[in-house]
Amino acid sequence: MGAADSSPAAPALLCLDNVMRRLLAFFLIAAVSLASAPSKADPVDDAVAALSSGSFDSVHEGVDELVASGSPRAAAIIGALQNGKLYFRPDHTLYIKQDDGTYVGALTGTPIDAGNVKPVRVNNTIRGAMDAALGALRLFSPETAARMTAAEAVFHAADPSALPALTKALEKETDPAVKTRMEQARAAVILASAESAEADRLAAVSVLRVRGDIDARGFLASLSDQPPAVAEAIAGALTAIDRAAQLWSVAQSIYYGLSLGSVLLLAAAGLAITFGVMGVINMAHGEMVMIGAYTTFAVQQFMHAHTPGMYGASLLFAVPLAFMVSGSIGIVIERTLIRWLYGRPLETLLATWGLSLVLQQAVRSIFGANNQDVDTPAWMSGATALGGLTLTWNRMYIILFSAVVLAGLMAALRYTSLGLRMRAVTQNRRMAAAMGIRTPWIDALTFGLGSGIAGMAGVALSQIDNVSPNLGQSYIIDSFMVVVFGGVGNLWGTTLGALTLGIVNKFLEPVAGAVVAKIVVLVLLILFIQRRPRGMFPLKGRAVES
Amino acid sequence: MAITEPTISRRGLARLGAAAATIAAVGAVKTAAAAETSGTIKVGILHSLSGTMAISETTLKDVMLMLIEQQNAKGGLLGKKLEAVVVDPASNWPLFAEKARQLISVDKCAATFGCWTSVSRKSVLPVFEELNSILFYPVQYEGQECSRNVFYTGAAPNQQAIPAVDYLMKENKVKRWVLAGTDYVYPRTTNQILEAYLIAKGVAKDDIMINYTPFGHSDWQNIVASIKKFGSAGKKTAVVSTINGDANVPFYKELGNQGLKATDIPVVAFSVGEEELAGIDTKPLLGHLAAWNYFQSVDTPINKTFIDAWHAYTKKPTRTTNDPMEAHFIGFNMWVKAVEAAGTTDSNAVIDAMLGVSVPNLSGGYSAMMPNHHITKPVLIGEIQADGQFNIVSQTPGLVVAQEWSPYVADTKDLIGDWRAPLHCGAFNVKTGHCTAGKKA
Amino acid sequence: MTEAETLPGDTLLYLDGVTVSFDGFRALNALSLVLEKGEMRAVIGPNGAGKTTMMDVVTGKTRPDSGKVMFGLDTDLTKLDEPAIAALGIGRKFQKPTVFEPHTVWDNILLALAGDRKPRFSLWAKETAEERARIESVLETVRMKDQRHRLGGDLSHGQKQWLEIGMLLAQEPQLLLVDEPVAGMTDAETEQTAELLREINKTRSVVVVEHDMAFVRALDVKVTVLHEGSVLSEGSIDHVSADPRVVEVYLGR
Amino acid sequence: MKLDRTAYLTLGLTIGIPLVLALLNQATPAGSALHVPTYVVALAGKYLCFAMLALAVDLVWGFAGILSLGHAAFFALGGYAMGMYLMRQIGARGVYGNAELPDFMVFLGWHELPWYWQGSQWFPFAVLMALIVPGALAMGFGWLAFRSRVTGVYLSIITQALTYALLLAFFRNDMGFGGNNGMTDFKDILGFNIQADSTRSALLVLSALCLCAQYLVARFVVRSRFGKVLIAVRDTESRTRFLGYRPEAYKLVVWTLSAVMAGIGGALYVPQVGIINPSEFAPGNSIEAVIWVAVGGRGTLSGAILGAVAVNFGKTWFTGVLPDYWLYALGALFIFVTLFLPKGIMGLFAKRPGKPVAILEAAK
């Protein structure tokens, strides 16, 4: 593209009230008589011409004109544009690409051979305009969800000309949730428009005060030159909202802390087994996590290629697979390496460190050094609001996941015969052997279990962090901290340790900043170990002495 | 006495001797090998292939190998074949210096292409100056440097940051700014410059929020939240991100999940390119921006041929290209041209010949090497698309000349770098008329 | 309580109502015991009777939950830690013989010799003739003269036992606590050990914890029977073996 | 103190090889076959500094059973002390031509030196700091840790926490130590151009001498009665307590000494590699140092030196010869050594196969 069309001298302000005027015109027509497509087609042609010009500014105008034209295809066309499905030909004709890859005429909606077309490109400004326009157009959509987003869009646009449409929509609206959204939108519009009465404004302010979220705050704060009484009310609302936010922020920090803690827990849980229970200082633990993450990547690649239908469930397949992959690698490591080093924990540190180097490089050779893209399934992306809290789905699932993993692990150790044997071996190897437990295999399986759990942690981490050969390195230290803090060989300790560290960290961060917070946590940990040389929950009995 | 020292037996002694001998021999052979293959021109490649920076730098090694292969296909240089010498500084800064020394004094490389982080460049800089060799540095950086032995083919702050800010001001009417960066010299300097620039543009001090995070910061929950809060003050807000490499993935994932839409609070990044996006699910990031001097999506014939060659070379049709790769492309071609002009690979001759050399860049124009050892570049602003590519929404009409010394930093506003005769100075103070640093030896 | 005054002046070790419990389980239960200067005492009792715990308490390894532990008439051991107690002149031999395996027998004794234990001393310390003489005599007593150059780790079980006793002697303690000195020894070795202890007892007080009744008999000293953390019976070996309660809980089995 | 063959050999090689390298580098013209390139001199100097770190680690790990996973911290602190001096020597030759402030402070917009930079322009002061700072930190840390009987992996992990915390702290630009870039582009030391071959050769020889001195000191310590107690503590700490020794005191002394030795190594390292920055605190570095010792032969002083030189030579060589695969080689080496050479390379040379130096017990 040349420099000319991008010269950012877009008279955007002009465009804006441009929109308003046209929108107003359109809604008046719409309101007076439920007129179908207007007889005069010029505006539509102008719009099409503008849309197919290939320059952002004119595309922007095109959107406005299209809306103003009141063409019945407007919603469809703008919708297509929003999803990047609107194409044009130099001869100023528009086409909408269907999901099956065929095209339909943008105005006719009938299938057509598009030939050599280019996509109509948009930028943020145009996106904003489209949101507003579509919002207005979709207030009457049959689907509740669509109306909901529409209302929200109108709220964000706060465009006075949308008022009549809003009022009509409100009358027809049945769904309570959507209704409130629309009322909030209406409040915004009232406050934004020049000619609303003071009483309405005051009412509107209180509506938004009730909404009380960050957007409402932003909108209220943005309002200028209101009548004194209203301005006062706004100020009051703002302080009220901020005060509420203050309270919520505590809960929010706790949530952040929990989610960080659960991540730490996942990373450390495996180590609590290999290091805590077996006493193997496993420096390659991080790499087990990393391998888990790469397994997730591989699974997604495979499913993308072969079973795209079930792609959304890819993680559900990845979890057990990651467990098996990392687990079996763990078993191999134990059989070939660790078994020779029992009673020499510090040697295991060296060997496993070497191993971690090898594993990292291996992954680098196989997958390449750069990050791999692990998708977040729809059901895990986005966030939900709980009062003043923003709960991101991926982290909520991770908290849940870590809880499940922990519970499963506990159960496995307590109730399964394997768990029984494991505990037997770790408590008194010779006795266990004497009782006919095949200790070598128990060792192998225990180590495999620990590694497997690390692998599952990898699946979770792939949702919030880099999937790169260095993934493991960034968690290994924290993991050791957690295990030691909690008390080696004690899962509850590990859990409590992880959560404590997470929450402390998250409460310090806003005060001290991310770096200092981490430093403080580390220092606190060092001091804590002075008070409790064996962590929060030390193991009892003579065995510990050595 | 067995406790402290095993006393070494004669046999042990012999073995020890043997070991030493082999090591020595190996060393000798290696230096010999280095000395002998004089039939080629050696090109050093100093990019981390392991450690934290491997993520970004490995690609640059590959692209250099490709460029050298292409040049050899064209018959090499000065009638000799080019030979790439690849070493791995392993993201370890002292090792960078050591390897630089090896490339120059042991392998006798005519020029070296390498480094990514500022610290690695700072670490090798003295070596290149001491041994008077040439380094091509391909990454956008903080400026405030102008060495005779380094050619900066990446962007200086004014070739990336300032145009991006201008764009947001004009296009999105941004009034309130979050400058978020990793706590090291590039973000620090860039933010320092931007802050000065914004205030000069009439932005109120409390409409600017500056936030620094450690390397590889992976938990962005409350930082993103605080950005949202900062953005709820009723003024259009944007984030200028100088967050470094690894930390970006979790940052953008958090952005996406907390629903920070580009239409509400756009984020413009200076360190996020196609390579980084390749590791992120970009659907939630639609419309967030990046400022570079090159995007893979640039629609020019020369870019198409470059990309095709790249895919052919790596045998990966999905492998992305990015800005530092273009920088190496430009730098390498400039070096070739300069060597041809000088008729020798001798550093002094080449350094002089480099000035004014102009070669095509991948965005359809020509980039020239200026007397300050930086190159002219167009500045492109791109919006992230669902496919992980950038939709170019703005491009400077002409080429931008790098300001190696920022006019927005008090101590450097009077400095210029000019390696032409008679000045021959990396930091010439136009007020005092003194050359404060980097005078030619 | 005020027994302290009523005690005979030559009391060396005095435990009074000492109670120790590890989460719930009472290892020592109001244990009281008096040992006189120059006395040798055998302590017997079934497993878990608290024998080792008693030693831990005396040597400062374990702090009692309640009760007094006095050394001499005025020193309260519960306030001190192991090195301090050792410095007072209480030596201990472990159930499992623990010597410094990487060191020669000679060095083992050398390190045990009574003397300045501070780093700043030991850093410059040179072996004096006097020290050599003392080591020689200790080696003499424990019959290890010709083992001096062997590493502790290379010794046989019995030799380790003796070496450890030797180290105890080198410490020149007033009181020796000896935990199962003849465990895993041949009869001959056992006999020699009994002899050795008697010899030691000429100059020092000794508390021997032992299972081996034959050995205890051989020692022929006052016996204290512990059961569930407190004294069950006390007196000559014949007296206690006649005591029905003892027979019931211990010998009977 | 009587020296045996091993000691003579160690001292001889440690001082001899560097001396030869330095001489050849100085005496012979660049062209000649005998000439030793400055590259090799600089490299050798670096190895020797690492050897000092290894020696320090071996002293605490091999003889006191304290596995420090944070020893590089003391090394780095010594390095920073020296770095500050070198930084001040740049004076007005910096980019900003500010005679008083180092460049990075100028660009952070600082106006005067922070208090902790005072005095750093005097060489003796810098040297003193290189000894005191690591020593003091070690003493404080050790006093806390040993007194409260933190042992084994717990100790190892908190040493790691220590160095990690320092890493993060020094990354911060506000700390006033140059942030991630640290300090570099040094000009001269004691008036000598730091880039000059002669200076490098001198530094190399100096490092060799320091290493020898450290070797002798360490050897004296471990062979003294103090050393015997130390080994006793390493293997059966509780026994030494019942003998009336205070293990914590012994550990503290050797721990502090070791930290100081590491600090000296760092101080010599910086002028020779020309940069000091937070990555020196990276826990990985400390672990590598431990590995050098393991490779050379834990509990043998000469082994520590040998291991440091050997591993780093391997690293230099591999990263040059097989850049894409050297990690395999290095990793494999570590695994091999731990599996098949529990006594390290020195084990190969030991006269009598004998018992392992009670390594197994020490592991506890």
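User: Two residues are in contact if their C-beta atoms, placed from the backbone, lie within 7 Å. What do the buried residues of H4(A) pack against?

Analyst: This is a predicted model, in which local features need pLDDT of at least 70 and side-chain atom pairs count only at pLDDT 80 or more, while totals for chains, interfaces and linings use all residues. Residues are numbered from 1 along each chain as its sequence is written, and chains are lettered from A, with ligands numbered from 1, in the order in which they are written. As for your question, the buried residues of H4(A) pack against helix H3 (56-69), strand E1 (86-89), strand E2 (93-97) and helix H5 (124-138) of chain A. Helices (H or I, at least four residues) and strands (E, at least two) are DSSP runs, numbered from the N terminus.

User: Which residues of H4(A) are buried?

Analyst: In helix H4 (residues 74-82) of chain A they are Ala74(A), Ile77(A), Ile78(A), Ala80(A) and Leu81(A). These residues lie on the same side of H4(A), because they cover an arc of only 155 degrees around the axis, the arc being that of the directions from the helix axis to the C-beta atoms. A residue is buried if 20 or more other C-beta atoms lie within 10 Å of its own, exposed if 12 or fewer, and partly exposed in between, with the C-beta atoms placed from the backbone.

User: And what follows H4(A)?

Analyst: Gly84(A) follows H4(A), and its phi is positive, near 65 degrees.

User: Switching to chain C, in what order do the 6 strands of the open sheet run?

Analyst: The order is E6-E7-E8-E3-E9-E10 (chain C), with mixed pairing. Strand E6 (90-93) and strand E10 (230-235) of chain C stand at the edges with a single partner strand each, so one side of each has no neighbour in the sheet. From one strand to the next the twist averages 20 degrees. Axes are lines fitted to C-alpha atoms, for helices over the stretch in contact, and angles run from 0 to 180 degrees between N-to-C directions.

User: How many bridges join E3 and E9 of chain C?

Analyst: Strand E3 (residues 40-44) and strand E9 (residues 222-227) of chain C pair over 4 bridges in the parallel sense, and Val43(C) stands opposite Thr224(C) in E9(C). Helix H2 (residues 51-59) of chain C packs on the sheet, and its direction makes about 150 degrees with that of E7(C).

User: At what angle do H1(D) and H7(D) pack?

Analyst: Helix H1 (residues 5-27) and helix H7 (residues 197-223) of chain D pack at about 175 degrees, with axes 9 Å apart. H1(D) is therefore roughly antiparallel to H7(D), since angles under 35 degrees count as roughly parallel, over 145 as roughly antiparallel, 65 to 115 as roughly perpendicular and the rest as oblique. By class, the contact of H1(D) with H7(D) has 14 nonpolar, 6 polar and 2 charged residues. Ala, Val, Leu, Ile, Met, Phe, Trp, Tyr, Cys and Pro count as nonpolar, Asp, Glu, Lys and Arg as charged, and the others, Gly among them, as polar.

User: How many residues of chain D are in contact with chain B?

Analyst: In that pair, 54 residues of chain D are in contact with 50 residues of chain B. H12(D) gives the most to the side of chain D that touches chain B, with 5 residues, and by class that side has 26 nonpolar, 19 polar and 9 charged residues.

User: Last one, in chain B: is Met325(B) buried or exposed?

Analyst: Met325(B), found in helix H11 (residues 323-342) of chain B, counts as buried because it has 27 C-beta neighbours inside 10 Å. Not counting residues up to four places away in sequence, Met325(B) touches Thr59(B), Leu60(B) and Val63(B). Glu340(B) is also placed in helix H11 of chain B, but Glu340(B) is partly exposed, with 13 other C-beta atoms within 10 Å.

Conventions. Two strands pair if DSSP finds at least two bridges between them.
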